[in-house]
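Have the structure open as you read.

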2 protein chains.
Amino acid sequence: MRESAVSTEQVIRRLDAGQQDFEQCLDALLDWESVSSAEVQRSVDDILDAVRRRGDAALIELTQRFDRLAVESMTQLTLGAARLEAAWQALPVEQREALTVAADRIRAYHEHQKPGSWSFEEADGTLLGQQVTPLDRVGVYVPGGKAAYPSSVLMNVIPAKVAGVADIVMVVPTPDGVVNDLVLAAARAAGVDRVFTIGGAQAVAALAFGTDTVPAVDKIVGPGNIYVATAKRAVFGRVGIDMIAGPSEILIISDGDTDPDWLAMDLFSQAEHDEDAQAILISWDDAHLAAVEESIARLLPTLERADIVRESLSRRGALIHVGSEAQAVALANRIAPEHLELSVAEPQRLAEQVRHAGAIFMGRYTAEALGDYCAGPNHVLPTSGTARFSSPLGVYDFQKRSSLIQCSPQGASTLGRTASVLARGESLTAHARSAESRIREE
Amino acid sequence: MRESAVSTEQVIRRLDAGQQDFEQCLDALLDWESVSSAEVQRSVDDILDAVRRRGDAALIELTQRFDRLAVESMTQLTLGAARLEAAWQALPVEQREALTVAADRIRAYHEHQKPGSWSFEEADGTLLGQQVTPLDRVGVYVPGGKAAYPSSVLMNVIPAKVAGVADIVMVVPTPDGVVNDLVLAAARAAGVDRVFTIGGAQAVAALAFGTDTVPAVDKIVGPGNIYVATAKRAVFGRVGIDMIAGPSEILIISDGDTDPDWLAMDLFSQAEHDEDAQAILISWDDAHLAAVEESIARLLPTLERADIVRESLSRRGALIHVGSEAQAVALANRIAPEHLELSVAEPQRLAEQVRHAGAIFMGRYTAEALGDYCAGPNHVLPTSGTARFSSPLGVYDFQKRSSLIQCSPQGASTLGRTASVLARGESLTAHARSAESRIREE
């Protein structure tokens with residue numbers, strides 16, 4: 001009796017785009033807001049202030065306290081190239097090879113993102129253009145503990161390297177002294193040569209303000225917990241930061257012809273991240289949705305992380321029936337998912353209609369997991385609908401542009417007349433006179 | 001006696017890169033930190049909350065209070081295309097022509113920034129690429145009152161138009177009912193078709209959350225006072241925002257052969273913005289610096305905004321003597337100025353050595369004021385040293401990218417093996433099984 005109740009239990013909700021309260025249900029499903037409590041905010045402010053004022057001394061104290069380490073100097077919190085090389089050499093060959101393949105493919109893809117500087121000359125000899133230069137120094141935050149992902153090291157460091165960033169400083173906490181050798185090996189594979197074993201808001205503070213040991217960087221990237229996210233938001237403006245990531249999500253559109261077991265596993269691969277992860281499948285084929293639901297129920301108990309997956313699917317997952325392919329695409333654009341799998345016969349036709357998505361996985365063979373590790377594109381993607389206005393982490397995040405303007409004497413004279421009229425319209429008469437000084441009498 | 005004291009009064013400080021305390025002097029000179037007081041923060045939080053909860057009703061109340069307007073409905077706070085057209089038609093021909101020239105040149109320059117989507121196919125048939133799409137809807141904040149600049153309307157709106165943004169919503173407060181017709185005309189010239197006469201944190205809230213009347217946008221750009229900046233920072237993440245701008249700055253490197261009166265006027269054109277603006281001239285020619293100082297003293301009294309200029313130059317301006325051209329360039333890279341004028345014989349050679357600058361004005365004829373209005377490049381530029389990691393506002397700020405991955409059956413099989421090893425290394429076994437499900441037996 002009890003077992004039967006368990007096996008027919010609903011793991012994941014079913015929705016129909018035609019049901020009356022669909023909009024409200026969808027809003028509730030997608031609702032996510034990351035708010036730092038006043039307590040977190042205060043704590044982060046104190047930490048930032050301490051590191052800013054007292055540098056290394058504060059960094060050591062905070063690391064003693066939060067990571068429970070008996071360290072007394074920054075030397076004990078610094079790993080050099082030799083330590084990274086040792087971690088690399090200690091890996092099983094299979095892992096070394098996989099990291100190498102992944103790093104090479106990520107590098108090759110990101111090379112395509114490199115923009116060039118450009119300029120053009122106008123008829124009167126005036127030159128206009130744009131000069132692209134790399135950031136000088138970048139800080140990469142890598143979480144410690146259970147969420148330590150070597151793939152994230154590759155994804156954050158390699159685009160910076162391709163962009164031409166000369167100096168990359170990695171920080172990774174080692175709570176209770178636990179060092180993740182796979183993370184250090186990935187750092188070596190990505191070309192990092194300096195790692196500080198610090199974390200939390202104190203690591204962000206060190207990277208933003210600099211200390212005697214940790215150099216101040218120009219931009220901080222990489223995921224972290226709420227303290228790290230709050231600290232990054234606080235130092236934004238002094239340094240650049242990447243997007244603040246919410247929980248990871250996948251949206252799959254299936255035409256009904258993909259193996260339901262494959263789709264169940266694709267949904268699981270998202271849901272296993274954590275209890276807040278979101279996995280949604282959309283189809284216009286009701287029997288197919290039922291088949292995937294059956295696969296989910298059957299395969300879920302075989303997962304190592306079954307508890308997390310069950311929690312995530314029941315809280316934030318959904319199988320959604322829509323009336324048509326067009327409705328499925330419209331829903332995807334409304335959701336602006338981090339990962340969009342188009343498990344359909346003609347994925348390119350659909351992809352052209354997608355306005356908002358972090359990454360689009362096209363066709364039945366393209367499991368999102370391939371993109372997470374080694375397909376080449378970045379796995380740092382905009383979450384929580386922010387694909388409406390932001391992009392995957394890329395080479396462009398580690399470069400900036402300077403406008404170039406070189407007026408010929410004739411160009412300065414012609415432009416000076418227009419500038420003068422507009423400047424006087426704004427009552428900025430020194431602007432006007434500066435422009436007018438270069439006007440020649442004809 | 002008194003007059004003589006005034007005429008020999010030092011308007012702008014002189015520094016020498018060789019003096020012992022130069023580093024400290026420079027740090028003090030550049031020091032700028034925009035901090036929202038707790039009071040501003042609280043006030044902004046309240047405003048955001050009110051507009052989020054009560055929409056148009058709160059917007060009307062707040063506009064009554066802060067802009068002293070006796071309005072009772074959003075209709076009274078909405079300007080349509082006809083009103084913009086009327087403003088345009090009412091302008092003197094000279095201003096209409098100048099706005100047209102400027103808009104055309106800004107459009108032409110920004111067309112060069114448009115990136116294309118791209119993709120490539122690998123040997124096994126796997127396709128990788130990047131799809132570029134515009135944001136759906138953008139909000140442009142335009143300050144009201146004395147700092148209402150029609151040129152800013154062009155600079156913020158045109159890149160969005162070039163990017164392909166379908167819907168642009170402009171907001172501009174009209175405190176005490178004062179409407180700036182030149183701003184409305186610029187909106188018409190730039191292609192805006194809807195303007196709400198709201199401002200402050202309440203306008204930012206309306207754009208971020210949406211109300212019955214004001215549609216929620218995907219990104220908010222445009223300058224504003226401390227309330228606007230604080231509100232933008234608070235909604236960052238829900239919507240995209242542009243950089244939060246500090247005071248405007250110019251750094252000029254002169255080789256000594258540019259007319260000192262021209263350089264004085266270029267410095268004035270920056271200093272006249274406001275008392276916090278920064279104008280610095282660097283040269284290795286001491287006599288030249290003295291000549292510019294003399295020009296400053298002589299010309300300053302002839303300026304309409306002499307009081308602001310005097311205050312700005314004395315507080316934040318400097319004439320800096322350096323030992324060499326190389327030292328001048330190193331200093332520019334250290335400062336990472338918003339505007340960099342290279343008033344030298346061979347500006348291109350120097351520009352290639354510039355790593356950090358918002359815009360580079362090359363040669364004696366290229367007054368910064370030309371770039372402010374009509375040269376073509378954007379005048380929204382990174383301030384306060386943020387050119388180290390950020391770029392001029394551009395078409396790229398109004399587009400985003402989606403990664404494209406389409407694995408062939410063979411590609412999925414090959415990549416699946418690598419992904420499986422890495423996923424198992426991270427203990428993400430559902431990821432591994434999702435990838436493995438696509439591996440074919442060879």
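This is a predicted model: local features need pLDDT of at least 70, side-chain atom pairs count only at pLDDT 80 or more; totals for chains, interfaces and linings use all residues.

## Helices α2 and α13 in chain A

By that convention, α2(A) goes past α13(A) in a right-handed crossing. On the α2(A) side, the contact uses F22(A), E23(A), L26(A), D27(A) and L30(A), while α13(A) brings L331(A), R334(A) and I335(A). Sort these contact residues by class and you get five nonpolar, three charged and no polar.

As for geometry, α2 (residues 22–30) and α13 (residues 325–335) of chain A pack at about 45°, and their axes are 12 Å apart. So α2(A) and α13(A) count as oblique to each other.

## Helices α3 and α9 in chain B

Over in chain B, α3 (residues 38–67) packs on α9 (residues 226–235) at an angle of about 65°, with the axes 10 Å apart. The crossing of α3(B) and α9(B) is right-handed too.

Who touches whom? From α3(B) come V40(B), Q41(B), S43(B), V44(B) and L48(B), and they meet I226(B), Y227(B), T230(B), A231(B), A234(B) and V235(B) of α9(B). That contact has eight nonpolar residues, three polar and no charged.

## The second largest pocket

Which residues lie nearest the centre of the second largest pocket? They are P115(A), R401(A), Q113(B), P115(B) and R401(B), out of 19 lining residues. The lining splits into seven nonpolar, eight polar and four charged residues, and the pocket's volume is about 350 Å³.

Key:
Residues are numbered from 1 along each chain as its sequence is written. Chains are lettered from A and ligands numbered from 1 in the order in which they are written. Side-chain values use heavy atoms; hydrogens and water are left out. Axes are lines fitted to C-alpha atoms, for helices over the stretch in contact, and angles run from 0 to 180 degrees between N-to-C directions. Helices (H or I, at least four residues) and strands (E, at least two) are DSSP runs, numbered from the N terminus. Angles under 35 degrees count as roughly parallel, over 145 as roughly antiparallel, 65 to 115 as roughly perpendicular and the rest as oblique. A crossing is left-handed if the near helix is turned anticlockwise from the far one by less than a right angle, and right-handed if clockwise. Contact means heavy atoms within 4.5 Å. Ala, Val, Leu, Ile, Met, Phe, Trp, Tyr, Cys and Pro count as nonpolar, Asp, Glu, Lys and Arg as charged, and the others, Gly among them, as polar. On a 1 Å grid over the protein atoms alone, a cavity is a set of points where a 1.4 Å probe fits but cannot get out, and a pocket is an open set with protein on both sides within 12 Å along at least five of seven lines; lining residues have an atom within 4 Å of a point. Grid points are joined across faces, edges and corners, and a volume is the space filled by probe spheres set on the points.
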